[in-house]
Amino acid sequence: MNRVPLEGKVLNENARVAAELRERFRQHQVFVLNIISSPGSGKTTLLERTLESWPQTQRVAVLTGDIQTENDADRLKRYGFPVKQITTGGTCHLDARMIEKHISEWDLERLDLLIIENVGNLVCPSSYDLGEAAKIVLLSVTEGEDKPLKYPSIFFKSELLVLTKTDLLPYVPFDVPAAVTNARRVHPAMEIVRVSCLTGNGMREWLTWLEHRKGAFLTELAQSVAEVG
Amino acid sequence: MHEMGIASSILEGVATEMRRRPGCRPLKVGVRIGEMAGIDPESLRFAFDALILDTELQGLGLDVEYRPPRARCRECAREFDVHNFELLCPGCASQNAECISGDELEFAYLEVEDHEPCAAGRKSPE
Ligand SMILES: Nc1nc2c(ncn2[C@@H]2O[C@H](COP(=O)(O)OP(=O)(O)OP(=O)(O)O)[C@@H](O)[C@H]2O)c(=O)[nH]1
Ligand SMILES: [Mg+2]
Ligand SMILES: [Zn+2]
(Lines give C-alpha, C1' and ligand atoms only; values in the text may rest on other atoms or scores of the structure.)
(Ligands and ions follow the chains in the order given, each with its own letter.)
Protein backbone atom coordinates (compact mmCIF):
# COMPACT_ATOMS: atom_id res chain seq x y z
CA MET A 1 0.00 0.00 0.00
CA ASN A 2 1.17 3.43 -0.89
CA ARG A 3 -0.16 6.72 0.43
CA VAL A 4 0.30 9.76 -1.80
CA PRO A 5 -0.55 13.32 -0.82
CA LEU A 6 -3.38 14.92 -2.77
CA GLU A 7 -3.64 18.64 -2.98
CA GLY A 8 -6.27 21.15 -3.91
CA LYS A 9 -9.85 21.89 -3.09
CA VAL A 10 -12.55 19.32 -3.55
CA LEU A 11 -14.75 21.72 -5.52
CA ASN A 12 -11.77 22.46 -7.68
CA GLU A 13 -13.73 23.23 -10.83
CA ASN A 14 -16.10 25.59 -9.03
CA ALA A 15 -13.22 27.25 -7.21
CA ARG A 16 -11.41 27.80 -10.50
CA VAL A 17 -14.40 29.40 -12.24
CA ALA A 18 -15.19 31.48 -9.14
CA ALA A 19 -11.62 32.78 -9.02
CA GLU A 20 -11.85 33.78 -12.70
CA LEU A 21 -15.14 35.56 -12.06
CA ARG A 22 -13.74 37.36 -9.02
CA GLU A 23 -10.82 38.58 -11.10
CA ARG A 24 -13.17 39.85 -13.83
CA PHE A 25 -15.38 41.61 -11.30
CA ARG A 26 -12.31 43.29 -9.83
CA GLN A 27 -11.04 44.37 -13.22
CA HIS A 28 -14.37 45.98 -14.04
CA GLN A 29 -14.83 47.25 -10.49
CA VAL A 30 -18.14 45.51 -9.95
CA PHE A 31 -19.08 44.91 -6.33
CA VAL A 32 -20.84 41.53 -6.11
CA LEU A 33 -23.09 40.45 -3.28
CA ASN A 34 -24.34 36.89 -2.70
CA ILE A 35 -27.59 36.82 -0.70
CA ILE A 36 -28.48 33.60 1.09
CA SER A 37 -31.41 32.55 3.31
CA SER A 38 -33.93 29.80 3.79
CA PRO A 39 -36.94 29.84 1.44
CA GLY A 40 -39.24 32.76 2.01
CA SER A 41 -37.11 34.81 4.41
CA GLY A 42 -37.67 37.85 2.22
CA LYS A 43 -34.72 38.02 -0.21
CA THR A 44 -36.76 39.10 -3.22
CA THR A 45 -38.86 41.52 -1.18
CA LEU A 46 -35.73 43.19 0.22
CA LEU A 47 -34.38 43.53 -3.32
CA GLU A 48 -37.69 44.98 -4.52
CA ARG A 49 -37.60 47.66 -1.81
CA THR A 50 -33.92 48.28 -2.58
CA LEU A 51 -34.34 48.68 -6.35
CA GLU A 52 -37.42 50.80 -5.79
CA SER A 53 -35.37 53.26 -3.72
CA TRP A 54 -32.72 53.77 -6.39
CA PRO A 55 -32.65 56.19 -9.33
CA GLN A 56 -32.35 54.73 -12.83
CA THR A 57 -28.79 56.06 -12.94
CA GLN A 58 -27.75 53.39 -10.44
CA ARG A 59 -25.67 50.86 -12.36
CA VAL A 60 -26.99 47.67 -10.80
CA ALA A 61 -28.01 44.25 -12.10
CA VAL A 62 -29.62 41.30 -10.36
CA LEU A 63 -29.34 37.55 -10.84
CA THR A 64 -31.96 35.55 -9.01
CA GLY A 65 -31.76 31.82 -8.50
CA ASP A 66 -34.63 29.41 -7.97
CA ILE A 67 -35.17 25.73 -8.52
CA GLN A 68 -38.24 26.48 -10.65
CA THR A 69 -40.21 29.47 -12.04
CA GLU A 70 -39.33 32.95 -13.29
CA ASN A 71 -41.49 34.55 -10.59
CA ASP A 72 -38.73 36.34 -8.73
CA ALA A 73 -37.23 37.82 -11.90
CA ASP A 74 -40.67 39.00 -12.99
CA ARG A 75 -41.11 40.73 -9.64
CA LEU A 76 -37.72 42.40 -9.89
CA LYS A 77 -37.87 43.46 -13.55
CA ARG A 78 -40.53 46.04 -12.76
CA TYR A 79 -37.92 48.47 -11.47
CA GLY A 80 -36.22 48.87 -14.84
CA PHE A 81 -32.81 47.39 -14.00
CA PRO A 82 -31.31 44.38 -15.78
CA VAL A 83 -32.53 41.19 -14.10
CA LYS A 84 -31.98 37.57 -15.04
CA GLN A 85 -33.51 34.45 -13.60
CA ILE A 86 -31.37 31.37 -13.12
CA THR A 87 -33.52 28.26 -12.82
CA THR A 88 -31.42 25.42 -11.52
CA GLY A 89 -33.95 22.69 -12.36
CA GLY A 90 -33.51 20.88 -9.07
CA THR A 91 -30.09 21.91 -7.84
CA CYS A 92 -30.28 23.41 -4.36
CA HIS A 93 -27.65 26.12 -4.87
CA LEU A 94 -26.09 28.35 -7.52
CA ASP A 95 -22.60 27.54 -8.71
CA ALA A 96 -19.95 29.65 -10.39
CA ARG A 97 -20.63 28.24 -13.88
CA MET A 98 -24.25 29.36 -13.72
CA ILE A 99 -23.13 32.89 -12.86
CA GLU A 100 -20.57 32.90 -15.67
CA LYS A 101 -23.19 31.78 -18.17
CA HIS A 102 -25.87 34.24 -17.09
CA ILE A 103 -23.70 37.35 -17.05
CA SER A 104 -22.22 36.61 -20.47
CA GLU A 105 -24.48 39.11 -22.26
CA TRP A 106 -23.90 41.91 -19.77
CA ASP A 107 -21.19 44.50 -20.21
CA LEU A 108 -19.50 44.50 -16.81
CA GLU A 109 -17.91 47.83 -17.58
CA ARG A 110 -21.36 49.38 -17.28
CA LEU A 111 -22.07 47.92 -13.86
CA ASP A 112 -21.06 48.99 -10.36
CA LEU A 113 -23.08 46.47 -8.44
CA LEU A 114 -24.27 42.92 -9.08
CA ILE A 115 -26.64 41.35 -6.58
CA ILE A 116 -27.12 37.61 -6.63
CA GLU A 117 -30.15 36.13 -4.88
CA ASN A 118 -29.24 32.53 -4.19
CA VAL A 119 -31.67 29.60 -4.11
CA GLY A 120 -33.66 29.56 -0.85
CA ASN A 121 -31.60 27.19 1.28
CA LEU A 122 -29.57 27.80 4.42
CA VAL A 123 -27.07 24.99 3.88
CA CYS A 124 -25.94 24.17 0.36
CA PRO A 125 -25.26 27.64 -1.12
CA SER A 126 -22.65 28.25 1.56
CA SER A 127 -20.27 25.71 -0.03
CA TYR A 128 -20.23 27.30 -3.49
CA ASP A 129 -18.09 30.35 -4.10
CA LEU A 130 -19.64 32.53 -6.82
CA GLY A 131 -16.79 35.00 -7.07
CA GLU A 132 -18.67 37.46 -4.85
CA ALA A 133 -17.00 40.12 -2.73
CA ALA A 134 -19.31 39.40 0.19
CA LYS A 135 -21.94 36.94 1.33
CA ILE A 136 -24.86 38.09 3.44
CA VAL A 137 -27.52 36.04 5.19
CA LEU A 138 -31.17 36.87 5.87
CA LEU A 139 -33.06 35.46 8.83
CA SER A 140 -36.73 36.28 9.31
CA VAL A 141 -38.17 36.58 12.78
CA THR A 142 -40.56 33.69 12.16
CA GLU A 143 -37.69 31.22 11.79
CA GLY A 144 -36.45 31.10 15.38
CA GLU A 145 -33.46 32.65 17.09
CA ASP A 146 -31.54 29.37 17.23
CA LYS A 147 -30.85 29.20 13.48
CA PRO A 148 -27.29 30.57 13.65
CA LEU A 149 -26.36 27.65 15.91
CA LYS A 150 -28.21 25.08 13.81
CA TYR A 151 -26.80 26.28 10.48
CA PRO A 152 -23.47 27.75 11.56
CA SER A 153 -21.75 27.46 8.19
CA ILE A 154 -23.58 30.27 6.44
CA PHE A 155 -23.45 32.56 9.48
CA PHE A 156 -19.74 31.83 9.76
CA LYS A 157 -19.19 32.95 6.17
CA SER A 158 -21.53 35.93 5.96
CA GLU A 159 -20.44 39.46 6.75
CA LEU A 160 -23.90 40.77 7.46
CA LEU A 161 -27.03 39.35 9.04
CA VAL A 162 -30.25 41.01 7.95
CA LEU A 163 -32.96 40.23 10.44
CA THR A 164 -36.12 40.50 8.33
CA LYS A 165 -39.87 40.88 8.87
CA THR A 166 -39.35 42.75 12.13
CA ASP A 167 -42.90 44.14 11.81
CA LEU A 168 -44.00 40.65 12.91
CA LEU A 169 -42.14 40.81 16.23
CA PRO A 170 -45.28 41.69 18.22
CA TYR A 171 -46.93 38.49 16.99
CA VAL A 172 -44.17 35.89 17.29
CA PRO A 173 -42.08 34.87 20.28
CA PHE A 174 -38.71 35.73 18.73
CA ASP A 175 -35.91 36.81 21.07
CA VAL A 176 -33.90 39.38 19.11
CA PRO A 177 -31.02 39.72 21.63
CA ALA A 178 -30.70 35.91 21.69
CA ALA A 179 -30.57 35.81 17.88
CA VAL A 180 -27.86 38.47 17.91
CA THR A 181 -25.90 36.61 20.59
CA ASN A 182 -26.15 33.34 18.66
CA ALA A 183 -25.04 34.95 15.40
CA ARG A 184 -22.05 36.56 17.11
CA ARG A 185 -21.10 33.32 18.83
CA VAL A 186 -20.66 31.77 15.41
CA HIS A 187 -19.18 34.91 13.89
CA PRO A 188 -18.00 37.51 16.44
CA ALA A 189 -17.44 40.26 13.86
CA MET A 190 -20.83 39.87 12.21
CA GLU A 191 -22.70 43.06 11.41
CA ILE A 192 -26.44 43.02 11.95
CA VAL A 193 -29.29 45.15 10.63
CA ARG A 194 -32.99 44.76 11.37
CA VAL A 195 -35.37 45.42 8.53
CA SER A 196 -39.08 45.39 7.84
CA CYS A 197 -39.88 45.60 4.17
CA LEU A 198 -43.50 46.20 5.10
CA THR A 199 -42.95 49.37 7.15
CA GLY A 200 -39.58 50.34 5.70
CA ASN A 201 -37.98 50.33 9.15
CA GLY A 202 -34.27 49.64 8.93
CA MET A 203 -34.07 50.09 5.16
CA ARG A 204 -31.81 53.08 5.64
CA GLU A 205 -29.36 51.03 7.77
CA TRP A 206 -29.31 48.29 5.15
CA LEU A 207 -28.68 50.73 2.30
CA THR A 208 -25.97 52.44 4.33
CA TRP A 209 -24.25 49.12 4.99
CA LEU A 210 -24.37 48.32 1.28
CA GLU A 211 -22.91 51.70 0.31
CA HIS A 212 -20.12 51.41 2.90
CA ARG A 213 -19.25 47.87 1.96
CA LYS A 214 -19.12 48.75 -1.72
CA GLY A 215 -16.88 51.71 -0.82
CA ALA A 216 -14.58 49.41 1.17
CA PHE A 217 -14.37 47.08 -1.84
CA LEU A 218 -13.33 49.94 -4.14
CA THR A 219 -10.81 51.25 -1.62
CA GLU A 220 -9.26 47.82 -1.22
CA LEU A 221 -9.16 47.49 -5.02
CA ALA A 222 -7.43 50.86 -5.43
CA GLN A 223 -4.85 49.89 -2.80
CA SER A 224 -4.04 46.57 -4.42
CA VAL A 225 -3.69 48.29 -7.80
CA ALA A 226 -1.36 50.88 -6.25
CA GLU A 227 0.76 48.13 -4.69
CA VAL A 228 1.11 46.26 -7.94
CA GLY A 229 1.66 49.30 -10.15
CA MET B 1 -28.55 17.70 -0.20
CA HIS B 2 -25.54 18.92 -2.12
CA GLU B 3 -23.35 16.16 -0.70
CA MET B 4 -23.94 14.25 -3.96
CA GLY B 5 -22.18 17.04 -5.85
CA ILE B 6 -19.34 17.08 -3.34
CA ALA B 7 -18.99 13.30 -3.54
CA SER B 8 -18.81 13.35 -7.32
CA SER B 9 -16.24 16.14 -7.14
CA ILE B 10 -14.11 13.95 -4.82
CA LEU B 11 -14.39 11.09 -7.31
CA GLU B 12 -13.33 13.38 -10.14
CA GLY B 13 -10.25 14.25 -8.11
CA VAL B 14 -9.50 10.57 -7.64
CA ALA B 15 -9.98 9.90 -11.35
CA THR B 16 -7.62 12.74 -12.27
CA GLU B 17 -4.95 11.37 -9.95
CA MET B 18 -5.42 7.81 -11.22
CA ARG B 19 -4.86 8.93 -14.81
CA ARG B 20 -1.33 9.77 -13.65
CA ARG B 21 -0.94 6.24 -12.29
CA PRO B 22 -2.05 3.86 -15.00
CA GLY B 23 -2.54 0.29 -13.89
CA CYS B 24 -2.99 1.21 -10.23
CA ARG B 25 -6.00 0.65 -8.06
CA PRO B 26 -7.10 3.32 -5.57
CA LEU B 27 -7.97 1.99 -2.11
CA LYS B 28 -8.92 5.01 -0.06
CA VAL B 29 -9.22 8.76 -0.47
CA GLY B 30 -8.73 11.15 2.42
CA VAL B 31 -10.37 14.58 2.62
CA ARG B 32 -10.34 17.38 5.18
CA ILE B 33 -13.64 19.06 5.91
CA GLY B 34 -14.13 21.96 8.27
CA GLU B 35 -17.16 21.87 10.55
CA MET B 36 -18.14 25.24 9.06
CA ALA B 37 -18.10 23.98 5.49
CA GLY B 38 -21.78 23.06 5.74
CA ILE B 39 -21.19 19.44 4.82
CA ASP B 40 -22.58 16.53 6.74
CA PRO B 41 -20.00 13.69 6.78
CA GLU B 42 -22.67 11.00 7.06
CA SER B 43 -24.61 12.25 4.03
CA LEU B 44 -21.35 12.58 2.17
CA ARG B 45 -20.41 8.99 2.90
CA PHE B 46 -23.85 7.85 1.82
CA ALA B 47 -23.63 9.76 -1.46
CA PHE B 48 -20.08 8.57 -2.05
CA ASP B 49 -21.00 4.90 -1.58
CA ALA B 50 -24.06 5.31 -3.79
CA LEU B 51 -21.99 6.80 -6.59
CA ILE B 52 -19.33 4.08 -6.64
CA LEU B 53 -21.79 1.18 -6.35
CA ASP B 54 -21.37 -1.16 -9.34
CA THR B 55 -18.54 0.91 -10.79
CA GLU B 56 -14.87 0.04 -11.04
CA LEU B 57 -14.34 2.16 -7.91
CA GLN B 58 -16.69 0.07 -5.79
CA GLY B 59 -15.06 -0.54 -2.41
CA LEU B 60 -13.05 2.68 -2.49
CA GLY B 61 -12.76 3.97 1.06
CA LEU B 62 -13.53 7.53 2.13
CA ASP B 63 -11.65 8.93 5.09
CA VAL B 64 -13.08 12.22 6.34
CA GLU B 65 -11.08 14.30 8.75
CA TYR B 66 -13.80 16.52 10.20
CA ARG B 67 -12.05 19.48 11.73
CA PRO B 68 -13.20 22.11 14.19
CA PRO B 69 -12.51 25.75 13.34
CA ARG B 70 -9.10 27.13 14.30
CA ALA B 71 -8.58 30.49 15.92
CA ARG B 72 -5.58 32.68 16.62
CA CYS B 73 -5.33 34.71 19.81
CA ARG B 74 -4.78 38.40 19.13
CA GLU B 75 -3.00 38.82 22.48
CA CYS B 76 -0.51 35.94 22.55
CA ALA B 77 -0.70 34.62 18.95
CA ARG B 78 -1.47 31.09 20.11
CA GLU B 79 -3.54 28.99 17.71
CA PHE B 80 -6.24 26.67 19.04
CA ASP B 81 -9.25 24.56 18.07
CA VAL B 82 -12.64 26.16 18.66
CA HIS B 83 -15.26 23.95 20.26
CA ASN B 84 -18.85 25.01 20.69
CA PHE B 85 -17.98 28.48 19.30
CA GLU B 86 -15.98 29.27 22.44
CA LEU B 87 -13.28 31.74 21.41
CA LEU B 88 -11.39 31.55 24.68
CA CYS B 89 -7.61 31.35 24.39
CA PRO B 90 -6.27 28.34 26.34
CA GLY B 91 -2.93 30.15 26.66
CA CYS B 92 -3.82 33.51 28.16
CA ALA B 93 -7.61 33.27 28.71
CA SER B 94 -8.19 36.24 26.42
CA GLN B 95 -11.41 36.26 24.40
CA ASN B 96 -9.85 38.37 21.71
CA ALA B 97 -9.26 35.79 18.99
CA GLU B 98 -9.91 35.60 15.28
CA CYS B 99 -11.00 32.60 13.27
CA ILE B 100 -8.36 31.48 10.80
CA SER B 101 -10.02 28.40 9.31
CA GLY B 102 -13.10 26.26 9.57
CA ASP B 103 -14.73 26.00 6.16
CA GLU B 104 -12.08 24.01 4.32
CA LEU B 105 -13.02 21.29 1.87
CA GLU B 106 -9.77 19.82 0.61
CA PHE B 107 -8.10 16.66 -0.52
CA ALA B 108 -5.61 15.12 1.88
CA TYR B 109 -4.26 11.88 0.42
CA LEU B 110 -4.92 8.90 -1.77
CA GLU B 111 -4.00 5.34 -0.93
CA VAL B 112 -3.21 3.18 -3.92
CA GLU B 113 -2.33 -0.47 -4.27
CA ASP B 114 1.39 -0.70 -4.16
CA HIS B 115 2.90 -2.63 -7.03
CA GLU B 116 5.28 -1.96 -9.88
CA PRO B 117 3.19 0.12 -12.30
CA CYS B 118 2.26 2.52 -9.51
CA ALA B 119 5.76 3.46 -8.58
CA ALA B 120 6.54 3.82 -12.26
CA GLY B 121 3.34 5.76 -12.85
CA ARG B 122 4.49 8.47 -10.50
CA LYS B 123 7.29 9.40 -12.82
CA SER B 124 5.57 8.82 -16.12
CA PRO B 125 4.30 11.89 -17.98
CA GLU B 126 0.54 12.53 -18.53
N1 LIG C 1 -44.69 40.84 7.27
C2 LIG C 1 -43.68 40.82 6.41
N3 LIG C 1 -43.69 39.96 5.39
C4 LIG C 1 -42.64 39.96 4.53
C5 LIG C 1 -41.57 40.85 4.67
N6 LIG C 1 -40.68 40.61 3.69
C7 LIG C 1 -41.19 39.61 2.94
N8 LIG C 1 -42.38 39.21 3.44
C9 LIG C 1 -43.25 38.16 2.90
O10 LIG C 1 -42.60 36.91 2.97
C11 LIG C 1 -42.93 36.10 1.85
C12 LIG C 1 -41.68 35.59 1.17
O13 LIG C 1 -40.96 36.69 0.66
P14 LIG C 1 -39.94 36.58 -0.56
O15 LIG C 1 -39.33 37.92 -0.72
O16 LIG C 1 -40.58 35.96 -1.73
O17 LIG C 1 -38.88 35.57 0.06
P18 LIG C 1 -37.60 34.91 -0.68
O19 LIG C 1 -36.57 34.77 0.37
O20 LIG C 1 -37.26 35.68 -1.88
O21 LIG C 1 -38.17 33.48 -1.06
P22 LIG C 1 -37.51 32.38 -2.06
O23 LIG C 1 -36.85 33.12 -3.18
O24 LIG C 1 -38.64 31.56 -2.49
O25 LIG C 1 -36.51 31.64 -1.21
C26 LIG C 1 -43.79 36.95 0.95
O27 LIG C 1 -45.14 36.62 1.17
C28 LIG C 1 -43.50 38.36 1.41
O29 LIG C 1 -44.56 39.23 1.21
C30 LIG C 1 -41.59 41.77 5.78
O31 LIG C 1 -40.69 42.58 6.00
N32 LIG C 1 -42.67 41.71 6.61
MG1 LIG D 1 -36.93 34.98 -3.84
ZN1 LIG E 1 -3.86 34.09 24.14
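How do the residues of the lining of the largest pocket divide into nonpolar, polar and charged? The points below take up this question and then turn to the ligands and the cavity.

1. The structure under review is a predicted model, and the remarks that follow should be read with that in mind. The lining of its largest pocket divides into 9 nonpolar, 3 polar and 10 charged residues. The volume of this pocket is about 540 Å³.

2. In all, 22 residues line the largest pocket. Those that lie nearest its centre are Lys9(A), Asp129(A), Lys135(A) and Lys157(A), together with Asp103(B) from the other chain named here. At least two lining residues are supplied by each of the elements α1 (12-27), β6 (134-140) and α6 (152-157) of chain A and β6 (105-112) of chain B. The largest share, 3 residues, is that of α1(A).

3. Ligand 1 is surrounded by 19 residues. The closest are Lys43(A), Thr44(A), Thr45(A), Asp167(A) and Cys197(A).

4. Several contacts to oxygen atoms of ligand 1 can be located in the model. For Lys43(A), a polar side-chain atom lies 2.8 Å from an oxygen atom of the ligand. For Arg75(A), the corresponding distance from a polar side-chain atom to an oxygen atom of ligand 1 is 2.9 Å. Gly42(A) takes part through its backbone, with an N or O atom 3.0 Å from an oxygen atom of ligand 1. On its own, ligand 1 has 650 Å² of accessible area, and the protein covers 71% of this.

5. Which elements give two or more residues to the shell around ligand 1? They are α2 (43-52) and α3 (71-77), both of chain A. The element that gives the most is α2(A), with 3 residues.

6. Ligand 2 is a magnesium ion, and its protein donors are Thr44(A) through OG1, Asp72(A) through OD and Glu117(A) through OE. Along the chain they follow the spacing T-x27-D-x44-E. Thr44(A) belongs to helix α2 of chain A and Glu117(A) to strand β5 (residues 113-117) of chain A, so this pair ties together parts that are 73 residues apart in sequence. Thr44(A) has already been named among the residues closest to ligand 1.

7. Rolling a probe the size of a water molecule over the atoms shows where empty space is left. The structure holds 1 cavity of 30 Å³ or more, and the largest cavity contains about 50 Å³ of space.

8. Both chains contribute to the lining of the largest cavity: from chain A come Phe156(A), Arg185(A), Val186(A) and Pro188(A), and from chain B come Met36(B), Pro69(B), Val82(B), Phe85(B), Leu87(B) and Cys99(B). This lining divides into 9 nonpolar residues, no polar residues and 1 charged residue.

How values were computed: Residues numbered from 1 in each chain as written. Chains lettered and ligands numbered in written order. Predicted model: local features only at pLDDT ≥ 70, side-chain atom pairs only at ≥ 80, totals over all residues. Heavy atoms only, no water. Near = heavy atom within 4 Å. Polar contact = N/O pair within 3.5 Å; in protein donor to acceptor, adjacent residues only side chain to side chain. Areas by Shrake-Rupley, 256 points an atom, 1.4 Å probe, with all protein chains shown as cover. Helix = DSSP H or I, 4+ residues; strand = E, 2+ residues; numbered from the N terminus. 1 Å grid on protein atoms, 1.4 Å probe; cavity = no way out; pocket = protein on both sides within 12 Å on 5 of 7 lines; lining within 4 Å. Points joined across faces, edges and corners; volume = space filled by probe spheres on them. Nonpolar A, V, L, I, M, F, W, Y, C, P; charged D, E, K, R; others polar. Donors = N, O, S within 2.8 Å, 3.2 Å for Na, K, Ca; no water.
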